[in-house]
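Here are my notes on this model, point by point. Please read them with the structure open.

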Amino acid sequence: MPWKVKFLSLLLFSSMSYAQNSITITDEEEIEMADRISAYLAKVSRKVMECTEKQNNQHEGCTCQTREICPFKKEYDEFTEVVCLAFKRYPNWKTNNLIYDNGHIIGTINMNHHYGKHCK
């Protein structure tokens, strides 16, 4: 499996997988928070992609499985900060994936497993 697929699959599964343990959000504030999560995740993803492209599609040293090995600590910290804020405001997001805006899906359960340990 190509590294890009592996990286993205960490947080994204088929829509069928998200059907279980998912909630549909319609509240404007919740949607804004979900959009913030998506935006910060995209920032980290862009950094990883740029790093990999500079290394001729070699991902070693470009991934952020943990903060300690992440070469983009600022972006990683920003992402985990917004995820933790979301979990503080909406605790049920830890155990439910989000569906909103015509099928947009965010895997907050998986985010909680990987980044929730950073939340206080």
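1. Start with a salt bridge. The side chains of Glu-78 and Lys-43 meet, N to O, at 3.0 Å. Glu-78 belongs to helix α4 and Lys-43 to helix α3, so this pair ties together parts that are 35 residues apart in sequence. Keep in mind that the model is predicted.

2. How exposed is Lys-43? Its relative accessibility is 30%, so Lys-43 counts as partly exposed. The cut-offs are under 20% for buried and over 50% for exposed.

3. Glu-78 has a further partner. Lys-74 forms a salt bridge with Glu-78, with the closest N and O atoms 3.5 Å apart. Both residues lie in helix α4, four residues apart, or about one turn of the helix. Lys-74 counts as exposed because its relative accessibility is 54%. Through shared partners, the salt bridges join Lys-43, Lys-74 and Glu-78 into one network.

4. Look next at Asp-77. This residue forms a salt bridge with Arg-67, and the closest N and O atoms are 2.6 Å apart. Asp-77 sits in helix α4 and Arg-67 in the loop between α3 and α4, so the pair ties together parts ten residues apart in sequence. Asp-77, at 26% relative accessibility, counts as partly exposed. Arg-67 also counts as partly exposed, at 30%. The structure holds four salt bridges, including those described here.

5. Now the overall fold. The protein has five helices and three strands. Along the sequence they follow the pattern α-α-β-α-α-β-β-α. Of contacts between residues at least 6 apart in sequence, 64% join residues at least 24 apart.

6. Burial and surface come next. Buried residues make up 37% of the 120 residues. The accessible surface comes to about 7500 Å². Carbon and sulfur atoms account for 51% of that surface.

7. Which residues have the most contacts inside the largest nonpolar core? They are Ile-37, Phe-79, Trp-93 and Met-111, in a core of 26 residues. The elements giving two or more residues to this core are α3 (28-54), α4 (73-89), β2 (97-100) and α5 (108-115). Helix α3 gives the most, with eight residues. In soluble globular proteins, nonpolar side chains tend to be buried together.

8. At 0% relative accessibility, Trp-93 counts as buried. Leaving aside neighbours within four places in sequence, its contacts include Ile-23, Ile-25, Met-33, Ile-37, Phe-87, Leu-98 and Ile-109. Among its other contacts are Glu-30 and Thr-108.

9. Aromatic pairs: a search of the whole structure finds three. One of them is Phe-79 with Tyr-115, edge-to-face, 5.0 Å centre to centre and 90° between the planes. The pair links distant parts of the chain, with Phe-79 in helix α4 and Tyr-115 in helix α5, 36 residues apart. Both Phe-79 and Tyr-115 are buried.

10. Is the pair of Tyr-90 and Trp-93 stacked or edge-to-face? The pair is stacked, with 4.6 Å centre to centre and 20° between the planes. Tyr-90 counts as buried because its relative accessibility is 14%, under the 20% cut-off.

Definitions and conventions. Residues numbered from 1 in each chain as written. Predicted model: local features only at pLDDT ≥ 70, side-chain atom pairs only at ≥ 80, totals over all residues. Heavy atoms only, no water. Core = buried A, V, L, I, M, F, W, Y, C linked by side-chain atoms within 4.5 Å. Buried < 20%, exposed > 50% of the residue type's maximum accessible area, 1.4 Å probe, protein only. Contact = heavy atoms within 4.5 Å. Areas by Shrake-Rupley, 256 points an atom, 1.4 Å probe, with all protein chains shown as cover. Phe/Tyr/Trp six-rings, centres within 6.5 Å; stacked < 30°, edge-to-face > 60°.
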